[in-house]
Amino acid sequence: MAQKIVVISATITVGELAAQLDIPVTRLIGELFKNGIAATVNQKIDFDTAQIIVDELGLEDIELQEKDETVPEAIESRKERTLSDKAVTRPPIVAVMGHVDHGKTSLLDAILDTKVASGESGGITQHISAYQATHKDRVVTFLDTPGHEAFSALRQHGAALTDVALIVVAADDGVKPQTIEAIKFARQANAHIVVAINKIDKPGADVNRVKQELSEQQLMPEEWGGDTVMVEVSAKTKENIDKLLDMVLLVADIDELKAEVDVPAEGLVIESHMELGRGPVASLLVEHGHLSPGQYVVAGKVYGKIRTLGDYRGDAIKDAGPSTPVVITGFKEMPGFGDHFSAVKSEKDAKFQAETAQRAGSGNSANMNVTSAQLLQMISKKAEVSFLNVVLKADVQGSLTSLVDSLQMVNTKEVEVRVIGSGVGNISENDVRLASGSEAVIYGFNIEVSSNIKRLAAREGVSIRVFKVIYELLDDVKEVMTALLAPKVVETEVGSLIVRGVFRSTKDTIICGGEVTKGKAEPGVLGRVLRDKEQIAEVDVVSVQRQMQEAKEVFEGEMCGLQLKTHGKLLIQEGDRIEFFKREMQTRTL
């Protein structure tokens with residue numbers, strides 16, 4: 001029979017592939033599920049994955065071919081812009097980075113004279129926040145990035161937007177893992193580094209120790225002959241805050257920062273979420289050009305017309321130029337975290353670019369597409385791995401992205417977290433039904449759960465767990481994963497005995513006697529019966545006797561009698577050896 005040639009795109013949804021193959025979509029989803037992937041009709045898979053699935057289904061009469069698709073220039077990867085002679089000076093973008101609880105947000109408090117930290121759960125920044133401050137008639141844009149290890153994706157994203165990385169280190173705590181990570185991200189982004197040694201007002205402050213630890217990370221203080229600016233500050237007393245801003249501007253001026261203004265606006269999406277009555281709300285950072293209400297914008301796979309434009313406080317503004325963080329409404333869907341956005345002339349252009357990006361599979365989304373490498377890995381180890389299915393809902397897109405990434409990091413060889421559904425916003429009835437059908441746990445981050453949803457979840461037997469602090473959510477996931485671990489079988493050697501006589505044998509009981517040659521014999525343990533070094537059976541030791549009396553234990557060198565329970569017919573002979581041991585099931589931890 002001649003093979004049927006099916007031509008598909010580089011990426012295709014499960015539903016579209018089933019239609020092309022002329023098979024029920026449930027059969028395709030079932031095959032993916034058997035291989036450890038809980039796919040949906042609208043989930044995208046790449047060409048190689050489609051090929052693997054066709055082979056797994058045994059569709060030998062079908063040959064897949066990949067369609068040659070050229071991505072239009074409009075949505076090619078953004079390249080470094082060559083500035084024209086019309087470029088103007090722009091404000092520097094400063095990312096505030098560092099370890100959790102070292103005072104990043106409190107330092108911004110002191111700079112902005114606001115109370116940002118008091119609004120954070122557990123005192124931890126949960127997503128990127130963008131602010132602007134004025135110092136000596138100059139505007140500075142600040143990005144407050146999370147310090148907790150789970151938010152490395154956000155922190156790296158923050159560094160990529162950055163001209164200057166302001167790394168905050170607590171004087172009483174020193175360099176920590178996320179401090180080192182922040183330094184690495186700043187270097188990858190080619191950002192200048194300024195260090196704020198915070199909390200110098202605390203009794204345990206040791207500035208010299210901090211500088212020594214930073215020098216070990218190749219950040220040498222200027223006063224030690226290096227080139228890294230370090231300023232000793234106190235967010236609490238506001239000591240040296242002005243000096244810190246002076247140094248940030250001085251370091252930023254090294255690059256003569258400029259941006260184009262006579263071009264369509266473009267920049268990056270730094271956050272997005274849904275709001276009741278407003279729809280998709282996006283936080284953008286303008287890099288070039290000017291944004292204004294009424295413009296059409298494209299961000300990855302989505303587009304819209306700017307309905308409202310506000311500054312970082314949410315106050316309405318009519319224009320936003322380079323290095324300005326803004327909050328806009330008007331997107332038809334939530335843009336992806338980290339997507340590049342650009343303003344276009346018309347809705348037609350916006351729609352075309354968004355649809356082309358969607359076909360090309362571009363755009364950044366928290367919904368993970370299935371790759372061929374993942375599928376092959378699933379197929380090879382599906383029999384060995386237990387899965388914890390979760391449905392994940394978060395308040396904003398950036399947090400959702402980081403949570404999905406973080407959950408992949410807690411996977412082990414034996415237990416893996418499988419995100420079968422995710423989204424931004426409160427938990428819905430569909431989420432509960434999805435979890436019920438997949439035996440999944442629903443995790444919510446910074447969201448609310450209505451009483452109706454709680455009642456539905458109780459009826460369906462679905463567990464809903466809501467957290468406001470990221471590490472508490474991850475700790476809970478690890479606890480649930482631990483419960484899925486197969487218990488560890490531990491065997492402890494007790495002793496051994498040489499059989500000197502067999503007195504009675506029945507279908508499942510043997511009474512014999514012998515000499516304890518090692519350790520001890522005691523009732524309630526297990527025994528391996530060995531003959532010529534080969535194990536022939538395993539028995540239970542019911543009782544032990546010494547001189548015709550019941551004994552709790554008989555030690556090496558002594559003679560004793562044994563009552564053994566067998567599992568099947570067994571003929572013990574003189575000269576057989578019995579090794580006594582205990583077998584216990586121990587709960588394991590990750």
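Biologist: Which backbone nitrogen does the side chain of N198 reach?
Modeller: The backbone nitrogen of A235, at 3.1 Å. That counts as a polar contact, meaning a pair of N or O atoms within 3.5 Å; within protein, one must be able to donate a hydrogen and the other to accept it, and residues adjacent in sequence count only if both atoms are side-chain atoms. Keep in mind that this is a predicted model: local features need pLDDT of at least 70, side-chain atom pairs count only at pLDDT 80 or more, and totals for chains, interfaces and linings use all residues. Residues are numbered from 1 along each chain as its sequence is written, and side-chain values use heavy atoms, with hydrogens and water left out.

Biologist: Where is N198 found?
Modeller: In strand β10, residues 192–198. Strands (E, at least two residues) and helices (H or I, at least four) are DSSP runs, numbered from the N terminus.

Biologist: Is N198 buried or exposed?
Modeller: Buried, since its relative accessible area is 2%. Buried means under 20% relative accessible area, exposed means over 50%, and partly exposed is in between (1.4 Å probe, protein chains only).

Biologist: And which residues does N198 touch?
Modeller: Leaving out residues up to four places away in sequence, N198 touches H102, G103, V168, V169, A170, A171, V233, S234 and A235. A contact here is heavy atoms within 4.5 Å.

Biologist: What about T228, buried or exposed?
Modeller: T228 is buried too, at 4% relative accessible area, and its place is in the loop between α7 (207–215) and β11. Its contacts, not counting residues up to four places away in sequence, are I193, V195, L219, M220, P221 and E222.

Biologist: What about Q547, what's its phi?
Modeller: Q547 has a positive phi of about 55°, although it isn't a glycine. You'll find Q547 in the loop between β26 (534–546) and β27 (549–550), and it counts as exposed at 74% relative accessibility.

Biologist: How far apart are the end C-alpha atoms of α8?
Modeller: They're 17 Å apart, and that agrees with the 16 Å that the 12 residues of α8 (residues 241–252) should span at 1.5 Å a residue. The expected span is 1.5 Å times one less than the number of residues.

Biologist: Which residues of α8 are buried?
Modeller: I241, L244, L245, M247, V248, L249, V251 and A252. An α-helix has 3.6 residues a turn, so residues three or four places apart point the same way.

Biologist: OK, sheets now. What's the strand order in the closed barrel?
Modeller: The six strands run β13-β14-β17-β16-β15-β18, with antiparallel pairing. Neighbouring strands of this sheet are turned by 45° against each other on average, direction ignored. The axes behind that are lines fitted to C-alpha atoms, for helices over the stretch in contact, and angles run from 0 to 180 degrees between N-to-C directions.

Biologist: How many bridges are there between β16 and β17?
Modeller: Four, joining β16 (residues 302–310) and β17 (residues 325–331) in the antiparallel sense. Two strands pair if DSSP finds at least two bridges between them. For instance, T308 has T329 in β17 as its bridge partner.

Biologist: And how many bridges for β23 and β24?
Modeller: Nine, again antiparallel, between β23 (residues 488–505) and β24 (residues 509–521). A hairpin of three residues joins these two strands, and S496 is bridged to K518 in β24.

Biologist: Which strand does β24 join through seven bridges?
Modeller: β29 (residues 559–565), running antiparallel to β24. There, T509 has K565 as its bridge partner. β24 also pairs antiparallel with β28 (residues 554–555) over two bridges, where A521 partners V554.

Biologist: Last one: how many helices and strands in the protein chain?
Modeller: 14 helices and 30 strands. Buried residues make up 50% of its 590 residues.
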